[in-house]
Amino acid sequence: MTSASATKTTIEFNDKVVRQFMLASIIWGVVGMLVGVLIALQLNFHQLNLASFLSFGRLRPLHTNAVIFAFVGNMMFCGVYYSTQRLCKARMASDFLSALHFWGWQFIILCAAVSLPLGLTRGQEYAELIWPINILVALIWVVFAVNFFWTLAKRNEPSLYVALWFYISTVITIAILYIVNHISIPTSLTHSYSVFAGVQNALVQWWYGHNAVAFFLTTPILGIMYYFLPKAVERPVYSYRLSIVHFWSLVFIYIWAGPHHLLNTALPKWLQMLGMFFSLMLWAPSWGGMLNGLLTLRGAWDKLRTDPVVKFFIAAVTFYGMSTFEGPLLSIRAVNALSHYSDWTVGHAHEGALGWNGFMAAGIFYWLTPRLYGTKLHSQSWANFHFWIGLVGILIYVASMWVSGIMQGLMLNATNPEGTALMYPNFIETLTSIRFMMGSRIVGGAMFLAGMILMGLNIFLTIKKGRAVNETREVVLLTRGDKDTMSIKDTFINDPVAYILGGLILLLGWLFLPPGADIVALVCTCIFAVLAVKKFQQGHARWSLWYETMLNNWLPFTVLCFVAVALGGLIQIIPTVAVNNAKTMEDRIQQPYTPLELAGRDIYVSEGCYNCHSQMIRTMLPDVLRYGEWSRMGESIYDHPFQWGSKRTGPDLARVGDKYPHSWHYDHMKDPRQTSVGSNMPAYPHLFTEKFDQRTLPRKIAVMVQLGVPYPAMDDTTIKTKAIEQGIKIVQDLKTQGKAAEPDTKIVALIAYLQKLGKFDAIKTEEKLTKTPAGIPFPITPGIPDKFRSASN
């Protein structure tokens, strides 16, 4: 477009929605972290579990959801809306959609804040919200996506800046992850069962869980970093080329890394190794992004002494580097054997959530507020104090969790030199040893919370002395021929895409082909990679032109992001569809729950017991000595949702069935200190008076049948009768042990469920023996491809 034909206009950015998301983030951040301090106190002082709706098991999901989706989510939308308008030189496409997005998101958060303490949950980490709320999340996310992509389409800047790449990948990937992981069949308005079960549910959940961290807490915040950090230090991004490598490496590799959350479990070993392999590969691009951020400060390091915004940004990027170093480290199987189920993982999570996300949020808010309200920040010294109290708080929290996690992991895994007995057989002994660190986390968390409150007050006083202003800017309007002219054909039919897809196909051959052929595929992959590098060296100008052209076209770029993300998910999930059924199990299969046991399981999930107890005995000698035989893939095949857990504040329950009499569980739920001296578990007195839900039991059984659980034909009356009859038997047994209960109470249903755990039916097959890592013989069923066996093989 020539200057003579250029049409100029003045636009006013929609900064109202930016202000709204910023204020919402601050408010919800304080609420979420206040709940975090409360549950940290509850872990030390069980008396603070004041009511069923204020118990640790119900508040912990509220804390994680508030921090992730309310605090970081609102901060992300604030940064995206502000930067997208300026990078596109266009106002957001629709003020209505922007407002609907904001108010819809806050309504979702309020629904979560009410439903989670009431025990209405799906029982999966970071995916606890019930199905009606999930539908709302999907709809509001679509509203955001339409508004975002519509703005890209009407932009007045031809090229997509690097921040927009990260936003595009976030919008696309979160939609895929959230929808797939939350596919459920409702049994009532507030309850549903996941269509996935057992090992497949575990894989899909951590494909979602890990990549929710990647594409909700990382990629959009990296996009925000690429916009706001150069603005704050008044320097261009250090390396444009490095940002390209950083982006595409993260998008492609991150999606494969989820299985590292399931190491040493019943997950097929090839998937475990795949997750570990790609997790280790994440070191390079993650640190490339960190260095790109830090080196952007070149020539402006003096700002680090005087500007609190720069302090927050640089500390945040440093925490990003620390967290992305620690993540791959924890994905190494030997390290994971120590860290998993311990506080080390908790420390790692907070390192990212508080250090990376929390400090980025503070930096953005301190930078934005004077510009959004046309005034100076109320107090620079308060902002500096916030930085230091927040930094010290994070370090105390993370260090205490490192020490706690490593100490407890070492104690739980310690055996005598012969490997025949545990050194610390009493689980509570390990809890007692980390009491000081569990107290230290309260101090660290409280300090960070104090900093958040101080920031809120500082920003409130800044707003009070200023007034809301929307930036206006004169822009040159682009015509249709100046952008978005690349066809889908030109996007995909070219050397870069051909070589990437060819290499990926050969790599998949290495993963899936039988022994011998997989080595050939690996060799071919290496040769193909060398050829691709030579081809790039010969025609790098042509490859660069293709990429630069694509950056002027938002739709082809988006499609390429979608393909990169979808491939990784499909390759991991589809094989488990074939293997996760009764016909392919190895030597045992789970017994379906009776109606009463199913009701008890729903109570277990509702109370959030999975937050403290796992149901997965790993293929490790200490786990086997402590809890019994390692868990097989077939032993959770009917679990909708799976309950493998990710943290052991209490012992594993996979084989607790019939380990104790009914009266033990009765006393344990009434007052855990009666049966386990020194326990920090809360009491559950409401279970002894509240009735379990008989009305929806028939519908729950019907949904289980739909999902493939082999229940015999039963009418509604039979289902309810069977539940009460089993309850009467438990009550009679309790009576002989001096305990009183009614057969339709929740405690009876929960006892029935706990006594069922670990029950299975043996599968009679021709067997051959191998040895587990613990050196104990284990039968292998012929006919199952080795790569699809559980890790115990």
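A disulfide is a pair of cysteine sulfur atoms within 2.5 Å. By this rule the count in the structure is zero disulfides. The structure is a predicted model, in which local features need pLDDT of at least 70 and side-chain atom pairs count only at pLDDT 80 or more, whereas totals for chains, interfaces and linings use all residues. Residues are numbered from 1 along each chain as its sequence is written, and side-chain values use heavy atoms, with hydrogens and water left out.

For Cys612, in turn, the closest cysteine sulfur is that of Cys609. Cys609 is buried, with a relative accessible area of 12%; here buried means under 20% relative accessible area, exposed means over 50%, and partly exposed lies in between (1.4 Å probe, protein chains only). Cys612 is likewise buried, at 17%.

The salt bridges come next. A salt bridge is a side-chain nitrogen of Lys or Arg within 4 Å of a carboxyl oxygen of Asp or Glu, and a search of the whole structure finds 25 of them. In one of these, the side chains of Asp15 and Arg86 meet with an N to O distance of 2.9 Å. Asp15 lies in the loop between β1 (7-12) and α1 (16-44), and Arg86 in helix α2 (residues 56-88), so the pair ties together parts that are 71 residues apart in sequence. Helices (H or I, at least four residues) and strands (E, at least two) are DSSP runs, numbered from the N terminus. Both Asp15 and Arg86 are buried.

A further salt bridge joins the side chains of Arg601 and Asp639, at 3.5 Å from N to O. Since Arg601 belongs to helix α23 (residues 595-606) and Asp639 to the loop between α24 (621-627) and α25 (662-670), this pair ties together parts that are 38 residues apart in sequence. Arg601 counts as buried at 1% relative accessibility, and Asp639 is buried at 4%. Asp671 also forms a salt bridge, with Arg673, the closest N and O atoms being 3.5 Å apart; Asp671 is partly exposed, with a relative accessible area of 27%.

Ser331 is found in the loop between α12 and α13 (333-339). At 0% relative accessibility, Ser331 counts as buried. A polar atom of the Ser331 side chain lies 2.6 Å from the backbone oxygen of Pro328. Not counting residues up to four places away in sequence, Ser331 touches His260, Leu263, Met276, Ser279 and Leu280, where contact means heavy atoms within 4.5 Å.

Helix α12 (residues 308-330) also holds Met322, which is partly exposed, with a relative accessible area of 31%. Together with Trp402, Val403, Ile406, Met407 and Leu410, Met322 makes a nonpolar surface patch of about 460 Å². Patches are made of residues with over 30% relative accessible area and no salt bridge; nonpolar side chains (Val, Leu, Ile, Met, Phe, Trp, Tyr) are joined within 5 Å, and like charges within 9 Å. Accessible areas come from the Shrake-Rupley method with a 1.4 Å probe, and for residues only the protein chains shown count as cover. Helix α15 (residues 380-413) contributes the largest share of the nonpolar patch, five residues.

Technical notes. A polar contact is a pair of N or O atoms within 3.5 Å; within protein, one must be able to donate a hydrogen and the other to accept it, and residues adjacent in sequence count only if both atoms are side-chain atoms.
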